[in-house]
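Subject: Structure handed over, with notes

Hello,

Please find the structure below. My notes on what was found in it follow.

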Amino acid sequence: MTLFFQENTALLEAATEEKTLSIFKLIMDGGIGGRVILALLFVLLAVALYIYFERFFAIKTASKIDENFMNQIRDYVSSGRLDAADALCKSKNTPTARLIGKGISRIGKPLDDINTAIETAGKLEVYQLEKNVSVLATISGVAPMIGFLGTVIGMIIAIHEIANAGGQIDIKMLSDGLYTAMTTTVGGLIVGIIAYMTYNHLVVKTDKVVYQMEAKSVEFLDLLNEPV
């Protein structure tokens, strides 16, 4: 009985070691073409993750709003303390505060001019929020295509081996091509899926900030329309 358990333990350890090394072995057995494509996919994944986390924290910071901010602006504008209102906007490092600050700097001009100035500033703020996000969309489309390129290269390698086999076809001689085809396809799809999910998440977060900017801008313009 003891011998039986020892033998099964040894087999389990061997199986575990084989599973641990299988992915690395597949990559290394894929040939130079497969390794180059997987290295490129790894670079794309690193770029996608960097852009995602950099934009995520930037958008998260931009979405923070002091609930008392507009009440203070209302009090300052109503009492004619425009300098204090402008100083308050400058102390808040958020897109909404910068939009309101732009509107305050135009007080005294026609309302249409104030609205135009806020809209122009809003476009610049949205551009800053969306900076590099389009790269994620590009990676989500390019990564699977690069993976499929590896698939084609792998199949070419396999067909080349078959053509040179002289009728003696052995599955082992096809392994390099098959490894290249499968590993690059999986790698490309994984990178593409990650980039696509992170891109859509950032789009949703950005839309939320844009909505906040629009809501506060309308509130500010309504404030200017209130009778004195």
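**Helix H3**

Helix H3 spans residues 69-78 and contains the buried residues Phe 69, Met 70, Ile 73, Tyr 76 and Val 77. Viewed down the axis of H3, these buried residues fall within an arc of 125°, so they line one face of the helix; the arc is taken over the directions from the helix axis to the C-beta atoms. Buried means under 20% relative accessible area, exposed means over 50%, and partly exposed lies in between, with a 1.4 Å probe and protein chains only. Asp 75 and Ser 78 are exposed, on the face of H3 turned away from the buried side. An α-helix has 3.6 residues a turn, so residues three or four places apart point the same way. Just after H3, Gly 80 has a positive phi of about 80°.

**Basis of the model**

This is a predicted model, in which local features need pLDDT of at least 70 and side-chain atom pairs count only at pLDDT 80 or more, while totals for chains, interfaces and linings use all residues. Residues are numbered from 1 along each chain as its sequence is written, and side-chain values use heavy atoms, with hydrogens and water left out.

**Overall**

The protein has eight helices and zero strands. Helices (H or I, at least four residues) and strands (E, at least two) are DSSP runs, numbered from the N terminus. Of the 228 residues in the protein, 34% are buried. Among contacts (heavy atoms within 4.5 Å) with a separation of 6 or more, 77% are between residues 24 or more positions apart. The protein exposes about 14,300 Å², of which carbon and sulfur atoms supply 64%; accessible areas come from the Shrake-Rupley method with a 1.4 Å probe, and for residues only the protein chains shown count as cover.

**Helix H5**

Ile 100 lies in helix H5, residues 95-105. Ile 100 counts as buried because its relative accessibility is 1%. Leaving aside neighbours within four places in sequence, Ile 100 contacts Phe 69, Met 70 and Ile 73, and also Cys 89, Lys 216, Ser 217 and Phe 220. Those three residues, Phe 69, Met 70 and Ile 73, are among the buried residues of H3.

With a relative accessible area of 6%, Thr 96 is buried. Not counting residues up to four places away in sequence, Thr 96 touches Ile 65, Gln 212, Met 213 and Lys 216.

**Asn 132**

Asn 132 sits in the loop between helix H6 (111-129) and helix H7 (133-163). Asn 132 is not a glycine, yet has a positive phi of about 70°. Most residues other than glycine have a negative phi. Asn 132 is partly exposed, at a relative accessible area of 38%.

**Aromatic rings**

The whole structure holds three aromatic pairs. Rings of Phe, Tyr and Trp (its six-membered ring) pair if their centres lie within 6.5 Å; planes under 30 degrees apart count as stacked, over 60 as edge-to-face and the rest as tilted. Phe 56 and Phe 57 form an edge-to-face pair, 5.4 Å centre to centre with 75° between the planes. Ring pairs link Tyr 52, Phe 53, Phe 56 and Phe 57 into a cluster.

Regards
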